[in-house]
Amino acid sequence: MKVEYPSADCVVYGVKKAHEQQRKGMVGTPRNRLASRRPLWVVALIILVCLSILGAYIYPPTLLKVKVCPAFCGGGRFEGLSRTPPSPPPPPRIFSDHEIAARTVAADILKMPSNSINVPKIAFMFLTPGPLPFERLWEEFFRGHEGKYSVYVHASKRNTLKTAWKSPVFLNRDITSQKVDWGKITMVDAERRLLMNALQDENNQHFVLLSESCVPLRSFDFVYDYLIRHNVSFVDCFDDPGPHGRGRYTVPFLPEIYINEWRKGAQWFTVKRQHALLIVADFVYYSKFKQFCKPGAETHNCYPDEHYVQTFLHMMDPSGISNWSVTHVDWSEGKWHPKKYSRDEINIKLLKNIQKQISRRPCMVNGELRPCYLFARKFMPDTLDILLGIFPNITNT
């Protein structure tokens, strides 16, 4: 129904009426003057109503961001803030032929049962630029457990290895290696190269990536039971919304990788055999990281070793990874590299404290609360003799 808005004459009438009443009040008796003041409130109210109606006519409510319906507009009901209509759901993801092939292979690999092996082995894969400063410490760790482990060494400076190994544990265990640059895809290439070599032994059922500065925190028996008993890969994997997480994502990763699938984590992983097969068989997602994840890029820094395995396994098998690494690293100094433990800092108390530390949250494996860390880094080479002395005391649990 159309609303007839009064004209400005209403306001003029009100003003005249007020002046007329005021004049009568001034010439009357005091009692009459007091009585004449009472209708002024009525007149003032009429003026206010007229001004409100006039304002509503000049500035209708439809021009306001807040959608209201005052009594003058007929409804007399508050409609509330206007809402933007909900966006339609995104269209279903259409995979390319390469993605369909990759995901089909991944699904079949994940369905594969673990090999029924009487004594499964753990492959210890050392990624190092040269000799291992803690070779003797690792020899003590492996002592008496032959047949339960394999060792593989990727050393980018192969010329140093001809006479480097002093322990039979590492003798002839170095693989064909290539140059590795910090923060570049060659780091991931070295990880994949280690996995390719270790997968050739069908008895290897779990694969541990270690650096030259890593040391064991537990006994071999403890580590073996921890990794073999749980059919889980221990990969540090989390969603970081900041500049060092999602800030490293870039649009060219589409359509294969969406930003909500992007993950970050420490490089040092342990993976079960099915996940190791997935990593070495992948070409589709690896090629994206090789092309678009580079340090020192014009728009952003991206480090493949902190994102590729983490994002890829999160996409392929999110329930099959633990989301924390069993290798402890101390980032409390707030630098680009983690803390380096010097000779003066090494003692039993330090290593016991590292054993008790937790990751971002308590570490649960298949509903069971477990210690978070089996290994630790970065230890300086001159700490070897101290670590050899206290190693039996920290690994008796």
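Let's start with a helix pair. Arg 192, Leu 195, Met 196 and Leu 199 of α6 touch Arg 273, Ala 276, Leu 277, Ile 279 and Val 280 of α8. Sort that α6–α8 contact by class and you get seven nonpolar residues, two charged and no polar ones. Keep in mind that this is a predicted model.

Now the geometry. α6 covers residues 185-199, and α8 covers residues 273-281. Their axes lie 9 Å apart, at an angle of about 125°. That angle makes α6 oblique to α8. The crossing of α6 past α8 is left-handed.

On to the pockets. How much space lies in the largest pocket? About 1300 Å³. Its lining has 47 residues. Nearest the centre of the largest pocket are Trp 268, Glu 306, Trp 331, Pro 338 and Arg 377. Two elements give two or more residues to this lining: β1, at 121-128, and β8, at 327-328. By class, the lining of the largest pocket has 19 nonpolar, 15 polar and 13 charged residues.

Next, the second largest pocket. Its volume is about 190 Å³. Here 14 residues form the lining. Which of them lie nearest the centre? Ser 114, Pro 120, Gln 205, Ile 228 and Asn 231.

This is where α8 comes back. α8 supplies at least two residues of the lining of the second largest pocket, and so do β3, at 204-211, and α7, at 220-229. That lining has seven polar, five nonpolar and two charged residues.

To recap on α8: this helix packs against α6, and α8 also contributes to the lining of the second largest pocket.

Notes:
Residues are numbered from 1 along each chain as its sequence is written. This is a predicted model: local features need pLDDT of at least 70, side-chain atom pairs count only at pLDDT 80 or more; totals for chains, interfaces and linings use all residues. Side-chain values use heavy atoms; hydrogens and water are left out. Axes are lines fitted to C-alpha atoms, for helices over the stretch in contact, and angles run from 0 to 180 degrees between N-to-C directions. Helices (H or I, at least four residues) and strands (E, at least two) are DSSP runs, numbered from the N terminus. Angles under 35 degrees count as roughly parallel, over 145 as roughly antiparallel, 65 to 115 as roughly perpendicular and the rest as oblique. A crossing is left-handed if the near helix is turned anticlockwise from the far one by less than a right angle, and right-handed if clockwise. Contact means heavy atoms within 4.5 Å. Ala, Val, Leu, Ile, Met, Phe, Trp, Tyr, Cys and Pro count as nonpolar, Asp, Glu, Lys and Arg as charged, and the others, Gly among them, as polar. On a 1 Å grid over the protein atoms alone, a cavity is a set of points where a 1.4 Å probe fits but cannot get out, and a pocket is an open set with protein on both sides within 12 Å along at least five of seven lines; lining residues have an atom within 4 Å of a point. Grid points are joined across faces, edges and corners, and a volume is the space filled by probe spheres set on the points.
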